[in-house]
Amino acid sequence: MPSEEIKSLSLPVGWKCYRSPEGQKYYVNISTKAVWQRNGSFDDASCLSPQSPGSTSPARRQNKEKEIKETKITINCVTFPVPASALEQQLLKPSEWSYCDYFWADKKDPQGATVSGFEVLLQKQLKGKQMQKEMAEFIRERIKIEEEYAKNLSKLSMFPMAAQEEGTLGEAWAQLKKSLADEAEVHLKFSSKLQSEVEKPLLTFRGDNFKKDMKKYDHHIADLRKQQVSRYAAVEKARKALADRQKDLEVKTQQLEIKLSNKTEEDIKKARRKSTQAGDDLMRCVDLYNQAQSKWFEEMVTTSLELERLEVERVETIQQLLRQYTTLRHETDMFNQSTLEPVDQLLQSVDPAKDRELWVKEHKTGDLRPVDMDI
């Protein structure tokens, strides 16, 4: 309450002198709400209480919130820098297009549902597993074709067609038919190696436990995200509670300016204490939120790098298996070529004159030619 000393002071227009609940004198500008204390500090009325979000004046609080909002934005309970200030943020692994740098935000799928960046990474892993399975099925169909081709070649090689061909041409023809049986054997070996060296590794690479591991990753990150959402809800609740307390404090402060009474002084003291407590609660909730987001961030980096490693491993493994396919294919061509070499040699030895000689010797009916009849 104003004392005789306070009343005797000559103050500028618009200023009033008061005594705080702690007995300290301070001067308030009625229009600007600015405060001057005996120790020379100059602030607004909220500086009389301990520094916390609850003790910040509405004007300063609004300016601070505006400043934060201008540099940060919260989307789906995750806080990001706005694009203008994000230029200062460096990539974790520059120039590598790493998973840990490009999957922090959520996106919409074609159906309009929200999908997190981590879910996109998981879908990539599961799609890779499906592609691997389809590749194995493709190789299986190739094996079937090879087996069927070998079977038909072997069957054809035993057909008695042109079996009565004679001479050097007959030998070449017989070798050609035999080459079909040899080629059939080559294709059977090719199909067998495809099965053991390409198809089977494709099927067994990352067995049934792979999907279980992906589910563990999914549940782990999802749980951290849920905790973050819960902490964000607590922040918003605390923010609203603080706003209500500050509004109550403003009302009581205005009442203090209009009429001074012991009751009003006591009310404003309680209101300031509650506002300070609400500010402390908000700070605690923000701290818990930041802790939850930090934990989510750390696990996202660790897990996304692991998924990146798994994808590199998958691509390199399939690359190696497909190279093995081409190697076997080249070997098959080489072996097939070798089955034709005897045929080529015999074809070069085909001699129509020799064949005529052999045939004539075997099938001649006599070498005495007819002559004219004598009378």
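**Group meeting: helix packing and cores in a predicted model**

Let's start with two helices. Helix α6, residues 167–204, and helix α9, residues 352–363, have axes that come within 6 Å and cross at roughly 105°. The axes are lines fitted to C-alpha atoms over the stretch in contact, and angles run from 0 to 180 degrees between N-to-C directions. Helices here are DSSP runs of H or I, at least four residues, and strands are runs of E, at least two, numbered from the N terminus. So α6 is roughly perpendicular to α9, a label that covers 65 to 115 degrees.

Who makes the contact? On α6, Gly167, Thr168 and Leu169; on α9, Lys354, Asp355 and Leu358. Contact means heavy atoms within 4.5 Å. These residues divide into two nonpolar, two polar and two charged. Asp, Glu, Lys and Arg count as charged; Ala, Val, Leu, Ile, Met, Phe, Trp, Tyr, Cys and Pro as nonpolar; the others, Gly among them, as polar.

A word on the source. This is a predicted model, where local features need pLDDT of at least 70 and side-chain atom pairs pLDDT 80 or more, while totals for chains, interfaces and linings use all residues. Residues are numbered from 1 along each chain as its sequence is written, and side-chain values use heavy atoms, leaving out hydrogens and water.

Now the whole protein. There are nine helices and eight strands. Of its 375 residues, 31% are buried, meaning under 20% relative accessible area with a 1.4 Å probe, protein chains only. Of the contacts with a separation of 6 or more, 65% are between residues 24 or more positions apart.

Next, the cores. A nonpolar core is a set of buried Ala, Val, Leu, Ile, Met, Phe, Trp, Tyr and Cys residues joined through side-chain atoms within 4.5 Å. The largest one has 16 residues, and Phe118, Met214, Trp296, Met300 and Leu307 touch the most other members. Elements giving two or more residues are α4 (99–102), α5 (117–157), α7 and α8 (262–349). Helix α8 gives the largest share, five residues. Take Leu307: beyond four places in sequence, its contacts are Tyr99, Phe118, Leu121, Leu122, Gln125, Met214 and Tyr217. Apart from this core lies another, of eleven residues, including Val198, Leu202, Tyr325 and Leu328.

Last, Arg206. Where does Arg206 sit? In the loop between α6 and α7 (209–258). Buried or exposed? Arg206 is buried, at 12% relative accessible area. Leaving out residues up to four places away in sequence, Arg206 touches Gln125, Lys129, Leu310, Glu311, Glu313 and Arg314.

How values were computed
Angles under 35 degrees count as roughly parallel, over 145 as roughly antiparallel, 65 to 115 as roughly perpendicular and the rest as oblique. Buried means under 20% relative accessible area, exposed over 50%, partly exposed in between (1.4 Å probe, protein chains only).
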